[in-house]
Amino acid sequence: MVLRLLFKVPYYLIRIWWCGKSRRASYIENFAFIKKVTKKANHAGRVTIESHGLENIPKEDGFIFYPNHQGLFDVLVFLESCPRPFAFVIKKEASNLILLKQVSQALGSYAMDREDIRQSMQIINKVSEDVSQGKNFLIFPEGTRSRKGNELLDFKGGSFKSATKAKCPIVPCALLDAFVPFDEPSIRPVTVKIIYLPPIYYEEYKGMKTNEIAAEVKRRIEKTIAEYQ
């Protein structure tokens, strides 16, 4: 991926860094450029993104994607496949990784310190406010990558607090083989699948506790993975 784009990488990094620092470009414009770079990077890395269920993405902005988490490549899957701009929440430990840091800043994303309850609540509230104002987000409810291939870890109820506060649609998403591009020592062509499931609207989950929502979202994703494997 890097070798095939070697001469363009410096330009991409500088441009994405500028997107995060400058106030001239909008969040939507930044997303469009990052999406363009992501497509080129995935193509250079011989990774094909196979998307299903795009029609399930809500027509109105102000929703949250909740996928299973397989690794750093997960965000690239969404950046290429999703037609709508979004920001994301990442753990503090990953917030200083080169490129991910610049992309995060350009999209107005947030880094959460899971060891700091107060800071975590602040991020939850910020995301809720942004979603209520029509911004879309991507949150990984497992909290960390599974490291078990297409198997899922338990989903954390706290990950759904931003959604319940904003009363927004929850969009479960199933990722298959997203761990392969960065984890396997091979340059063979890879196909990664993403399935956007039908959204769960507030009317459906308003009477549920966050742990119950987490379990239901996990159940739907596991069922989908079993169908597409």
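Modeller: What follows is a set of questions about the labels, each answered by setting a value against its cut-off.

Modeller: Please keep in mind throughout that this is a predicted model.

Biologist: How do you know that the overall dimensions of the protein chain agree with those of a compact globule?

Modeller: For 229 residues a compact globule would have a radius of gyration near 17 Å, and the protein chain has 17 Å, so the two agree. The C-alpha atoms fill a box of roughly 55 × 40 × 35 Å along the principal axes, and the chain is made up of nine helices and seven strands. Of the contacts between residues at least 6 apart in sequence, 73% join residues at least 24 apart.

Biologist: Why is H3 described as largely enclosed by the rest of the structure?

Modeller: A residue counts as buried when its relative accessible area is under 20%. Eight of the nine residues of H3 are buried, and therefore the helix is largely enclosed by the rest of the structure. Among those buried residues are Phe-73, Val-75, Phe-78 and Ser-81.

Biologist: What does H3 give to the largest nonpolar core?

Modeller: That core has 39 residues, and those with the most contacts inside it are Phe-65, Phe-78, Phe-86 and Phe-88. Several elements give two or more residues to this core, including helix H1 (9-21), helix H2 (27-44) and strand E3 (87-91), but H3 gives the most, with six residues. Beyond its neighbours within four places in sequence, Phe-88 is in contact with residues including Val-75, Leu-100, Tyr-110 and Phe-137.

Biologist: Why is Leu-72 called exposed, while Trp-17 is called partly exposed?

Modeller: The cut-off for exposed is over 50%, and Leu-72 counts as exposed because its relative accessibility is 51%. Trp-17, which is found in helix H1, has 44% relative accessibility and therefore counts as partly exposed. Leu-72 is placed in the loop between strand E2 (64-67) and helix H3 (73-81), and together with Leu-97 and Phe-182 this residue forms a nonpolar surface patch of about 280 Å² of accessible area.

Biologist: What makes the pair of Asp-113 and Lys-92 a salt bridge?

Modeller: The rule asks for a side-chain nitrogen of Lys or Arg within 4 Å of a carboxyl oxygen of Asp or Glu, and the side chains of Asp-113 and Lys-92 meet at 3.7 Å, N to O. Asp-113 lies in the loop between strand E4 (110-112) and helix H5 (117-132) and Lys-92 in the loop between E3 and H4, so the pair ties together parts that are 21 residues apart in sequence. Asp-113, at 17%, is buried, whereas Lys-92, at 47%, counts as partly exposed.

Biologist: Which labels, buried or exposed, do Lys-218 and Asp-154 receive?

Modeller: Lys-218 counts as buried because its relative accessibility is 14%, while Asp-154, at 60%, counts as exposed. Lys-218 is in helix H9 (residues 210-228) and Asp-154 in the loop between strand E5 (137-138) and helix H6 (161-166), 64 residues apart.

Biologist: Where do Arg-220 and Glu-216 lie?

Modeller: Both lie in helix H9, four residues apart, about one turn of the helix, and their side chains meet in a salt bridge at 2.7 Å, N to O. An α-helix has 3.6 residues a turn, so residues three or four places apart point the same way. Arg-220 and Glu-216 also belong to a network of salt bridges with Glu-204 and Arg-219.

Definitions and conventions:
Residues are numbered from 1 along each chain as its sequence is written. This is a predicted model: local features need pLDDT of at least 70, side-chain atom pairs count only at pLDDT 80 or more; totals for chains, interfaces and linings use all residues. Side-chain values use heavy atoms; hydrogens and water are left out. Patches are made of residues with over 30% relative accessible area and no salt bridge: like charges are joined within 9 Å, nonpolar side chains (Val, Leu, Ile, Met, Phe, Trp, Tyr) within 5 Å. Accessible areas come from the Shrake-Rupley method with a 1.4 Å probe; for residues, only the protein chains shown count as cover. Buried means under 20% relative accessible area, exposed over 50%, partly exposed in between (1.4 Å probe, protein chains only). The radius of gyration is taken over C-alpha atoms; the globule rule is 2.2 Å times the number of residues to the power 0.38. Contact means heavy atoms within 4.5 Å. A nonpolar core is a set of buried Ala, Val, Leu, Ile, Met, Phe, Trp, Tyr and Cys residues joined through side-chain atoms within 4.5 Å.
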